[in-house]
Amino acid sequence: MCDIRLFRRAWLDYRTAANLLAVPENDEAYMNNVAYHLQQAVEKTLKAFLECVGVTVPNTHDIDKLVRMSENNGSCVTITDWIKEKTDMLTRWETDTRYDIDYCVEKKKVVTGLEEVRQFLEVNGLKKELRDELKEDGIKDQLREFFPKSYEPEDAFEWNCYYQIYQKKLLRLQKDDLQQSAESP
């Protein structure tokens, strides 16, 4: 079973970035801080999904490497086009915003990044509100089949994460159920 704490930390980094950007500060170093937290949200999400498929994640901040690892190891993460196109920029948001005193992220890029990272997290179930798919009858019961008997997710956020993690297995279960129904007299 996957450890949800890394998903929660990714969500917290996104919320930190959103809260920082909401403060009327127009300092370049301030924008760097927002960009750093956005990068961390993406990095931690990719690493969390890799860990859920049993991949030992190296100590890296390289988003391109993590995207390739996700694609090559059966990770359940959905990688948006923006994330794929901006892997180098996102990696620089981790390293250059911390170590290059002359590096400055433009506010326009940060604002775009905030929206794109929100979409990336949302499509991967990292949000507080329960996913629509989990509101359908029986989906939670099917998902419970993958949990230890005494385990129950504590909130909508956890349900959302587990849905994304086990989505492929759920679809196989549903397909098998339909096939068995069709074969029954």
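## The cysteines

Let's start with cysteine 161, which counts as buried because its relative accessibility is 0%; buried means under 20% relative accessible area, exposed over 50% and partly exposed in between, with a 1.4 Å probe and protein chains only. Please keep in mind that this is a predicted model, where local features need pLDDT of at least 70, side-chain atom pairs count only at pLDDT 80 or more, and totals for chains, interfaces and linings use all residues. Residues are numbered from 1 along each chain as its sequence is written, and side-chain values use heavy atoms, with hydrogens and water left out.

How many disulfides are there? With a disulfide taken as a pair of cysteine sulfur atoms within 2.5 Å, the count is one. Cysteine 2 and cysteine 52 form a disulfide, with an S to S distance of 2.2 Å. Cysteine 2 lies in the segment before α1 and cysteine 52 in helix α2, so the pair ties together parts that are 50 residues apart in sequence. Helices here are DSSP runs (H or I, at least four residues), as strands are (E, at least two), numbered from the N terminus. Cysteine 2 counts as buried, at 10% relative accessibility. Cysteine 76 is in no disulfide, and the nearest cysteine sulfur, that of cysteine 52, is 7.8 Å away. Cysteine 76 also has a relative accessibility of 14%, so this residue counts as buried. Cysteine 161 is in no disulfide either: its nearest cysteine sulfur belongs to cysteine 52, at 8.4 Å.

## The nonpolar core

The largest nonpolar core holds 54 residues, and Phe7, Leu38, Leu46 and Leu143 have the most contacts inside it. A nonpolar core is a set of buried Ala, Val, Leu, Ile, Met, Phe, Trp, Tyr and Cys residues joined through side-chain atoms within 4.5 Å. Two or more residues of this core come from each of α1, α2, α3, α4, α5, α6, α7 (139–144) and α8 (156–183). Helix α2 gives the largest share, eleven residues.

Leaving aside neighbours within four places in sequence, leucine 46 is in contact (heavy atoms within 4.5 Å) with Ile63, Leu66, Val67, Ser70, Val77, Ile79 and Phe120. Lysine 47 is found in helix α2. Is lysine 47 buried or exposed? Its relative accessible area is 12%, so lysine 47 is buried. Not counting residues up to four places away in sequence, lysine 47 touches Leu6, Val57, Pro58, Thr60 and Leu66.

## Helix α3

Helix α3 covers residues 63–72, and its Ile63, Leu66, Val67, Met69 and Ser70 are buried. These residues cover an arc of only 165° around the axis, which puts them on the same side of α3; the arc is that of the directions from the helix axis to the C-beta atoms. The buried residues of α3 pack against α2, α4 and α5. Just after α3, glycine 74 takes a positive phi of about 75°.

## Helix α6

Helix α6 has 17 residues (107–123) and should span 24 Å at 1.5 Å a residue, which agrees with its end C-alpha atoms being 24 Å apart. The expected span is 1.5 Å times one less than the number of residues.

Which residues of α6 are buried? They are Val110, Gly113, Leu114, Val117, Phe120 and Leu121. An arc of only 135° around the axis holds them, which puts them on the same side of α6. The buried residues of α6 pack against α1 (5–22), α2 (28–52), α4 (81–85) and α5 (87–99). Just after α6, glycine 125 has a positive phi of about 85°.
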